[in-house]
Amino acid sequence: ENGQDIYAVNHLSFHPTLGTFVSTGSDGTFNFWDKENKQRLKAMQKMKAPIPCAEFNYDGSILAYAVSYDWSKGAAHHNPQTATNQIFLHAVQEADVKPRRKSAR
């Protein structure tokens, strides 16, 4: 509707010490969010395939995420001969995940 593409959110993972979280999606993106202030903190570069899951390490300094087909488009769009599964590590910068002060309204 309205010419907008809609993608599934595949996974949420909370930062172990800051309370912010990361979302991953069928559009191949992951974003860091501040739940208390209801705002996106950082949008990361889009990958070439969906991101079905992600997890922070014990202190939140590294985010591990998978890039692979996520079945959001069904079996007809999956080709096992060309499908790849990859795992990436992202060095988390505190500025990307630290909650921001609530702005005065």
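Tutor: Let's begin there. Fourteen residues, written as 14 in the count, line the largest pocket, and those nearest its centre are Ser 26, Lys 48, Ala 49, Pro 50 and Lys 73. (A pocket is an open set of points on a 1 Å grid where a 1.4 Å probe fits, with protein on both sides within 12 Å along at least five of seven lines; lining residues have an atom within 4 Å of a point.) Sorted by type, the lining holds five nonpolar, four polar and five charged residues; Ala and Pro are among the nonpolar types, Lys among the charged and Gly among the polar.

A word on the model: it is predicted, with local features needing pLDDT of at least 70 and side-chain atom pairs pLDDT 80 or more, while totals for chains, interfaces and linings use all residues. Residues are numbered from 1 along each chain, and side-chain values use heavy atoms, without hydrogens or water.

Now for the aromatic rings. There are five aromatic pairs, a pair being rings with centres within 6.5 Å (planes under 30 degrees apart are stacked, over 60 edge-to-face, the rest tilted). Take Phe 30 and Phe 32: their ring centres are 5.9 Å apart and their planes stand at 90°, so this pair is edge-to-face. Both residues are buried (under 20% relative accessible area), Phe 30 at 2% and Phe 32 at 1%.

Phe 30 also pairs with Tyr 65: here the centres lie 4.6 Å apart and the planes meet at 45°, so the pair is tilted. Look at where these two sit: Phe 30 belongs to strand β3 (residues 30-34) and Tyr 65 to strand β6 (residues 62-67), so the pair links distant parts of the chain, 35 residues apart. (A strand is a DSSP run of E, at least two residues long.) Tyr 65 is buried too, with a relative accessible area of 9%.

Finally, follow β6 into its sheet. This is an open sheet of three strands in the order β5-β6-β7, with antiparallel pairing. The edges are β5 (53-56) and β7 (86-91), each with a single partner strand, so one side of each has no neighbour in the sheet. Between β6 and β7 there are six bridges, where at least two are needed for strands to pair. To find your way along these two strands, look for Ala 66, which stands opposite Ile 87 in β7.

How values were computed. Rings of Phe, Tyr and Trp (its six-membered ring) pair if their centres lie within 6.5 Å; planes under 30 degrees apart count as stacked, over 60 as edge-to-face and the rest as tilted. Buried means under 20% relative accessible area, exposed over 50%, partly exposed in between (1.4 Å probe, protein chains only). Helices (H or I, at least four residues) and strands (E, at least two) are DSSP runs, numbered from the N terminus.
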